[in-house]
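Please read the following report alongside the sequence and the coordinates. It moves from the chain as a whole to individual residues and their partners.

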Amino acid sequence: MNRRLLLTLSTRLAMGGALYASLPSARAQPSYRITAAQLQEAVAARFPRRYPVQGLLDLDAQAPRLRLLPEQNRLGAEMAMQVAGPALRRSYSGTFDLDFALRYEASDLTIRASQLRVNALHFDGLPPGPSELLAAYGPALAQQTLQDAVLHQLKPQDLALPDAMGLEPGSITVTAQGLVIGFVTKQQP
């Protein structure tokens, strides 16, 4: 009787293991996906914003339109801007274009913007003096606007399975559809 029970149990265990190994997710590390729409929604919640420049100008930044740049593993952002203030006689419209990498912040389970690069800051018809002032403040404005901006916050339940497997968020890959968060083995303290 014990021999028959052992044989049945061994057969079922072998079949279950083969079935599990044949599943695609059984061989691959888990990953977490964030869509482009989720990213856009999170960043849009922080805008519009106003930035004073030395008491002379006020910049109003609208919500950026995000672009996925998978070939660079970065995100791009283009913002509509308005500039006005005591140094100008009227308001000017323009655009601010930048791109950035992403990083995971374990303390609050967030995906954040980092390593910002300013590509262009342009205002149609803006006189040279204010234009040069804005060009000088462009990188600082980018830092103030999007550096460390939260693009997504993971929930503890999102990390429950990887955590049980001894894994934590590692790589962040930009794809044509959004982001893929890969997991790596947890570092021992």
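## Basis and overall composition

This is a predicted model, in which local features need pLDDT of at least 70 and side-chain atom pairs count only at pLDDT 80 or more, while totals for chains, interfaces and linings use all residues. Residues are numbered from 1 along each chain as its sequence is written, and side-chain values use heavy atoms, with hydrogens and water left out.

The secondary structure of the protein chain comprises 5 helices and 10 strands, where helices (H or I, at least four residues) and strands (E, at least two) are DSSP runs numbered from the N terminus. The chain has 189 residues, of which 34% are buried; buried means under 20% relative accessible area, exposed means over 50%, and partly exposed lies in between (1.4 Å probe, protein chains only). Its accessible surface comes to about 11500 Å², with 56% belonging to carbon and sulfur atoms, as computed by the Shrake-Rupley method with a 1.4 Å probe, where for residues only the protein chains shown count as cover. Among contacts with a separation of 6 or more, 55% are accounted for by residues 24 or more positions apart, a contact being heavy atoms within 4.5 Å.

## The nonpolar core

The largest nonpolar core holds 43 residues, and the members that touch the most others are Leu-59, Val-83, Leu-98, Phe-100, Leu-102 and Leu-146. Such a core is a set of buried Ala, Val, Leu, Ile, Met, Phe, Trp, Tyr and Cys residues joined through side-chain atoms within 4.5 Å. When residues up to four places away in sequence are not counted, Leu-146 touches Val-43, Phe-47, Ala-77, Met-79, Leu-98, Phe-100, Ala-113 and Leu-116.

Phe-123 lies in strand β7 and, at 8% relative accessibility, counts as buried. Leaving aside neighbours within four places in sequence, the contacts of Phe-123 include Leu-59, Met-81, Val-83, Tyr-92 and Leu-134. The C-alpha atoms of Phe-123 and Met-81 are separated by 8.2 Å, although the two residues are 42 residues apart along the chain.

Asp-97, found in strand β6, also counts as buried, with a relative accessibility of 15%. Its side chain is joined to that of Arg-67 by a polar contact of 2.9 Å, a term for a pair of N or O atoms within 3.5 Å in which, within protein, one must be able to donate a hydrogen and the other to accept it, and for which residues adjacent in sequence count only if both atoms are side-chain atoms. Beyond residues up to four places away in sequence, Asp-97 touches Arg-67, Ala-77, Glu-78, Arg-117, Val-118, Asn-119 and Ala-120.

## Salt bridges

Side chains of opposite charge can pair when their charged atoms come close. A search of the whole structure finds 9 salt bridges, each being a side-chain nitrogen of Lys or Arg within 4 Å of a carboxyl oxygen of Asp or Glu. The table lists some of them.

| Pair | N to O distance |
|---|---|
| Arg-65 and Glu-78 | 2.6 Å |
| Glu-105 and Arg-103 | 2.8 Å |
| Asp-148 and Arg-103 | 2.8 Å |

In the salt bridge between Arg-65 and Glu-78, Arg-65 lies in strand β4 (residues 65-69) and Glu-78 in strand β5 (residues 74-84), so the pair ties together parts that are 13 residues apart in sequence. Arg-65 is exposed, with a relative accessible area of 53%, whereas Glu-78 counts as partly exposed at 27%.

Arg-103 forms salt bridges with Glu-105 and with Asp-148. Glu-105 is partly exposed, with a relative accessible area of 23%, Arg-103 is partly exposed at 26%, and Asp-148 is partly exposed at 30%.

## Backbone features in loops

Asp-148 has a positive phi of about 65° although it is not a glycine. Leu-109, in the loop between β6 (92-105) and β7 (110-123), has a positive phi of about 60° and is likewise not a glycine. The peptide bond from Phe-47 to Pro-48 is cis, with omega near 0°, and Pro-48 is placed in the loop between α3 (36-44) and β2 (49-53).
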